[in-house]
Amino acid sequence: MPKDPITARGDLRLTRITKSYGDFTAVDDLTLTIPKGSFFALLGPSGCGKTTTLRMVAGLEEPTVGSIHLGDTDITTTRPYQRPINTVFQNYALFPHLTIFENIAFGLRRRGIKDVKEQVDKVLNLVELPHLAERKPTQLSGGQQQRIALARAIVNRPALLLLDEPLGALDLKLRRQMQIELKWIQREVGLTFVHVTHDQEEAMTMADTIAVMNEGKIEQMGSPADLYDNPETAFVANFLGQSNLIKGKIDGTDGDNLVVDLYGQKISMLKKRSHAVDNSLYAGIRPEKFRISRLGTPVKGNTLSGGKIEDVSYIGVSTQYVVAMPWGQEVMVFEQNDDGVAPFDKGDEVNISWEPNFTFGLRGDEDIEAGTEVNPEELEEE
Amino acid sequence: MSLPKVRVPYLLLLPGFAFLFTFFILPIINLAQTSTQTRVAGGDTGQYEQTLAFSNYIQAFVENKEQFGRSFLYATLATIFALAIAYPLAYGIAFKAGKYKNILLVLVVAPFFTSFLLRTVAWKQILGEEGFVVPGLRSLNIIGEQTTLTSTSIAVVAGMTYNFLPFMTLPLYASLERIDPRTIEAAGDLYANGITAFRRVTVPLSMPGVVAGTLLTFIPAAGDYVNAAILGSPNTKMIGNVIESRYFKIVDYPTAAALSFTLMVAILILVTLYIRKAGTEELV
């Protein structure tokens, strides 16, 4: 007899999942393992398939092809109410006709748990809102509703907790605070959290592992630092933070390093950080990795000369420069205001330099605009 | 020059108040006066004088308690049947109809394009010997060869159910349509199967529609006389029919007025008790 899915525990495995709606493929041949106990984020722009993936895990959609396992239990076609999985819905979906207490008790009562009161009180204390038990959801602020939605899900101690853009409706300050709290609660209760978001900062703050999704596929998966420092595609390089991508040609090798020609100037980078497939590549450098120096000042590492300061924005902790390079490209440079050197002025002629190991290499046939155009209106819809 | 802001709401209320005062408050005062009048000794038909005869009420009620009882029984039955038919209908339109939603809503109100009277007469045809219902039921041996449906209480209740169905369907649809489908998904996510989610989430959230729909059906149904007059027989007389005949046939204004008041108060009491019990004020 197969095991009752409600008792299933373990890693979540999605195997070759495809979900199509008519001609449109929302999720395309996706394979993914989410380890038990991790805080995992599915990050991507609107329409990338992340919400559809989450809904398939919750059981609200069925995959067209592929299977979903929790531990060694196949839950591909299991009904939502038979899965040991709970969701914190976008906009919370609290039951407006029930009190906060009854909202949280809902799942416990359905499963015939005995000590409902004790468990609800415990989780209300965890989210620090025990005084709201007898209120109705509409009497609560957005931040309070968010916490109750979380409490309503975690009180069931599911094998997997799904969070669908959980902080999207909150203002910036509250969102920051909740990010820290969510991370803390995840450690406290030790559940597996799967978090869907379009906000890269939110994903990087909270998740141990991020899968960046684009057009129904996973572009890259790894720790926040991996993804940021060594993106494999232009989409990831642009979607997570900002990148300067400079067209170049691989000229040869030097031990563990590649020698790359960027418009006639030679630079070096680690061979293992190049994802190029042939001679042509884009050298990627994050804006804060660049250093600006005046002509004639000796510098270490890779140097590109012939730059001219186009624009200066002073933002307190740092200064952002736009530097026009001789081949017509404008690069972005963030300088910390920590060394007392007077900032450069518009029109100054400068060199830019950086530590060779910070360079990442992308395929030369990439669309370097991928992941940069994010329409804020589109994000609202999801 | 602008009006002081405080006065604007009152000015907006004025036409409505004036209308209600002229066509509701004044007639009802007049009706109250009439209800305690008695016949002028030796006077003409329809000649009455004010004698504050409150005994009119007792007499009118005692003489017609059977019709009162029937009115409330028929109205209750019609309300229950209308709810049973309208709930699935409204649910289907709200959640499953997709792009056909508007067409279906138009179809729900389509009967209003024909007169109430005409539709009721049509039911007489449908339930009559020449309609398809009676021969159909006979051939299936559900009713005997001698049984007819017209002039029965079944016909009256069926006609009332049909005539008030849109009044039940529309408020139900309005409140079902307002339910965030994610709350139903959330119930499923929290271990409620389809039936439990329906019972625990959909039904409570649609209660404002249920209350509004049942009131909009029950109140006019209790005072209705058209269905009983056209589809019924003397044995299915409702209180509306009695009032109608007292006024227009017997020209007994005081009794008709007393019956009207009694009906009004009875409905008010029932509705108040019902709303208390349904507790709609708790819902958002």
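Reply: Happy to; some notes on the model come before the questions. This is a predicted model, in which local features need pLDDT of at least 70 and side-chain atom pairs count only at pLDDT 80 or more, while totals for chains, interfaces and linings use all residues. Residues are numbered from 1 along each chain as its sequence is written, and chains are lettered from A and ligands numbered from 1 in the order in which they are written.

Me: Let's begin with chain B: how many helices and strands are there in it?

Reply: Helices (H or I, at least four residues) and strands (E, at least two) are DSSP runs, numbered from the N terminus. Read from that end, the elements of chain B go α-β-β-α-α-α-α-α-α-α-α-α-α-α. The count for chain B is twelve helices and two strands.

Me: What percentage of the residues of chain B count as buried?

Reply: A residue is buried if 20 or more other C-beta atoms lie within 10 Å of its own, exposed if 12 or fewer, and partly exposed in between, with C-beta atoms placed from the backbone. The C-alpha trace of chain B spans about 80 × 75 × 35 Å along its principal axes. Among the 284 residues of chain B, the buried share is 31%.

Me: Which elements do the buried residues of H11(B) pack against?

Reply: Helix H11 of chain B covers residues 239-248, and its buried residues include Ile239(B), Val242(B), Ile243(B) and Arg246(B). Contact here means that the C-beta atoms of two residues, placed from the backbone, lie within 7 Å. The packing partners in chain B are helix H3 (65-96), helix H9 (194-223), helix H10 (226-231) and H12.

Me: How are H2(B) and H12(B) oriented to each other, and why?

Reply: Two packed helices are described by the angle between their axes and the distance between the axes. Axes are lines fitted to C-alpha atoms, for helices over the stretch in contact, and angles run from 0 to 180 degrees between N-to-C directions. Helix H2 (residues 55-63) and helix H12 (residues 253-278) of chain B pack at about 80°, with axes 9 Å apart. Angles under 35 degrees count as roughly parallel, over 145 as roughly antiparallel, 65 to 115 as roughly perpendicular and the rest as oblique, so H2(B) and H12(B) are roughly perpendicular.

Me: What classes of residue make up the contact of H2(B) with H12(B)?

Reply: On the H2(B) side are Asn56(B), Tyr57(B), Ala60(B) and Phe61(B), and they meet Pro254(B), Thr255(B), Ala258(B), Leu259(B) and Thr262(B) in H12(B). Ala, Val, Leu, Ile, Met, Phe, Trp, Tyr, Cys and Pro count as nonpolar, Asp, Glu, Lys and Arg as charged, and the others, Gly among them, as polar. By class, this contact has six nonpolar, three polar and no charged residues.

Me: Which element gives the largest share of the side of chain A that touches chain B?

Reply: Here 16 residues of chain A are in contact with 17 residues of chain B. Two or more residues come from each of strand E6 (85-88) and helix H2 (100-110) of chain A. By class, this side of chain A holds nine nonpolar, five polar and two charged residues. The largest share, three residues, comes from H2(A).

Me: How far apart do the C-alpha centres of domain 1 and domain 2 of chain A lie?

Reply: Domain bounds come from an automatic or database domain assignment. In chain A that gives domain 1 (5-229) and domain 2 (242-363). Their C-alpha centres are separated by 40 Å.

Me: Which residue in E19(A) is the bridge partner of Ile292(A)?

Reply: Strand E15 (residues 291-294) runs antiparallel to strand E19 (residues 349-354) of chain A, and four bridges join them. E19(A) is also joined to strand E16 (residues 302-314) by five bridges, again antiparallel, with Leu304(A) opposite Ile352(A). The partner of Ile292(A) is likewise Ile352(A).

Me: Is Arg16(A), with its positive phi, buried or exposed?

Reply: Most residues other than glycine have a negative phi. Arg16(A), in strand E1 (residues 12-21), has a phi near 45°. Because 11 other C-beta atoms lie within 10 Å, Arg16(A) is exposed.

Note on methods:
Pairing = 2+ DSSP bridges.
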